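Subject: Structure handover

Hello,

Here is the structure I promised to pass on. Please open it and keep it beside you while you read the notes below.

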Amino acid sequence: MNIYCLNSHHQYLLIRILSYLSDIRFWLLLITINISGNLLFQIHIDSRPILIGIFLIIVAYIVYNKIYPKSELKYIAVFTIVLLIPHLYLGSLFSWFSFFHIEIKIITGILLTVILGRDFSRYYLCIMSILTVTSLICFLFNCFGIILPFLPIESTNLDGGNIYRVSSIIYTQLYNLSDGDFNLRNSGIFWEPGVFQGYLNLALGMLILTNFQRTKKWWSLVILFSLTVITTLSTGGYIVLAILWMYLVSSMSFRNKYTKYGMLLSLVVLIASVFFSLSFMYTKIMSDTSRLGVDFGELGYGIKRWFGYSFSDTAFAGCGFKTASGILSLLKYTGIVGFSLFVIKLFIVKPFTYRSILWGIIILLIFMNEPFLTAGPFWWGTIFLWQYLPHSIPNSNIEPT
């Protein structure tokens, strides 16, 4: 195909797509997202060799390009020391394999964010746009009762060994092989709708809380991601979505201030009516003991409470602290010190504004839903992501994709 036969707009799009595909960082991000949540890597493919490969490529890229992320490397060093301290009191229960596994995840996630830099949001929004459109097409097939072809499963560690979800590589169906029933919720490529909403709301946070120009393209992405969050039927996803839209409406300019107040009031009424009318919202939140009903006294006492039980299954099996929340699990794994290091770094950022505070809250609310931090390396980089988003560029004219 001759590129010069295309009009200027199509030429621009083709050149941009080719620039993405020719950049190894784009592929590293795409693969990292997949090994951090795609059901395919939870059941059919061992992601550990792939993780090590990505880790080595990223380290080689940094060395070759002479990138010296001082603050990120200092953080990694301090967090590594915190992860090592449990070895002093756990002894043989401390698993060096678990330590190196989580260490590679942390370093990979943080350094991937570093090498992507200001290209992170463009590449991420491009990837999520493709995954979102694909998921909606597949979800529509399910709505008409059509089960998509999927990879056969003989056994799984998920759902207590029961096969309640199946992977079609590009889409996950909550399909019960034992009785042929399926749950009509959009999981995208991920193992659970609650995971998909996290990636979607991260994309929305990038768009809404930064200085992306609010063009037609911007609005189309905001609406696309928002509608897809709705199809996940995720309680936590709805809460994050509501907060982002409240901020969006409050940040919009209107000729008449009463128009803004009216829209905000209408949005509050809509959110309240949805919250109390849908049983999976109000009832689920009020009865969610796995995330909200935890007993912090079960974290233990003394040095274990301060530095945790490490990431070894054997080590934290004796911990009475049980939670389905990723951020609260961090308390169990790394104790108060490790938890504080993570949360403080998430909020102490440049530029520090009320939007950065809201960004940190959004990330924490996303983490409340699923074990994102232990699933893969991707989400560890979010604590350094804020500084690379468009708000830090004066008079930013950056568009999403």
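Start with the largest pocket, which has a volume of about 720 Å³. The model is predicted, so please keep that in mind throughout. The lining of this pocket counts 23 residues, and the closest to its centre are F41, Q42, S47, L158 and A375. Which helices supply at least two residues each to the lining? They are helix 3 (39-43), helix 4 (48-64), helix 7 (96-116) and helix 18 (372-375). By type, the lining residues divide into 11 nonpolar, 9 polar and 3 charged.

Now the overall picture. The protein has 18 helices and 3 strands. Of its 401 residues, 50% count as buried. The protein exposes about 18800 Å², and carbon and sulfur atoms supply 66% of that area. Look also at contacts with a separation of 6 or more: residues 24 or more positions apart account for 71% of them.

Next, the salt bridges. How many are there? The count comes to 5. Take D119 and R25, where the closest N and O atoms are 2.6 Å apart. Are the two residues buried or exposed? D119 has a relative accessible area of 19%, so it counts as buried, the cut-off being under 20%. R25 is buried too, at 10%.

A second salt bridge joins E192 and R165, with the closest N and O atoms 3.4 Å apart. This pair also links distant parts of the chain, 27 residues apart. E192 is in the loop between strand 3 (182-183) and helix 9 (193-208). R165 is in the loop between helix 8 and strand 1. Both E192 and R165 are buried. Elsewhere, salt bridges that share partners join D23, R25, D119 and R122 into one network.

D46 and R48 form another salt bridge, with the closest N and O atoms 3.0 Å apart. D46 is partly exposed, with a relative accessible area of 39%. R48 is partly exposed as well, also at 39%.

Last, the backbone. Most residues other than glycine have a negative phi, and most peptide bonds are trans. Where does the model depart from this? I169 has a positive phi of about 70°, although it is not a glycine. I169 is in the loop between strand 1 (166-167) and strand 2 (172-175). Its relative accessibility is 41%, so I169 counts as partly exposed. S310 has a positive phi too, near 65°. S310 is in the loop between helix 14 (303-307) and helix 15 (313-316). With a relative accessible area of 4%, S310 is buried. Then there is a cis peptide bond from K350 to P351, with omega near -5°. P351 is found in the loop between helix 16 (326-347) and helix 17 (354-367).

Best wishes

Note on methods:
Residues are numbered from 1 along each chain as its sequence is written. This is a predicted model: local features need pLDDT of at least 70, side-chain atom pairs count only at pLDDT 80 or more; totals for chains, interfaces and linings use all residues. Side-chain values use heavy atoms; hydrogens and water are left out. Helices (H or I, at least four residues) and strands (E, at least two) are DSSP runs, numbered from the N terminus. Buried means under 20% relative accessible area, exposed over 50%, partly exposed in between (1.4 Å probe, protein chains only). On a 1 Å grid over the protein atoms alone, a cavity is a set of points where a 1.4 Å probe fits but cannot get out, and a pocket is an open set with protein on both sides within 12 Å along at least five of seven lines; lining residues have an atom within 4 Å of a point. Grid points are joined across faces, edges and corners, and a volume is the space filled by probe spheres set on the points. Ala, Val, Leu, Ile, Met, Phe, Trp, Tyr, Cys and Pro count as nonpolar, Asp, Glu, Lys and Arg as charged, and the others, Gly among them, as polar. Contact means heavy atoms within 4.5 Å. Accessible areas come from the Shrake-Rupley method with a 1.4 Å probe; for residues, only the protein chains shown count as cover. A salt bridge is a side-chain nitrogen of Lys or Arg within 4 Å of a carboxyl oxygen of Asp or Glu.
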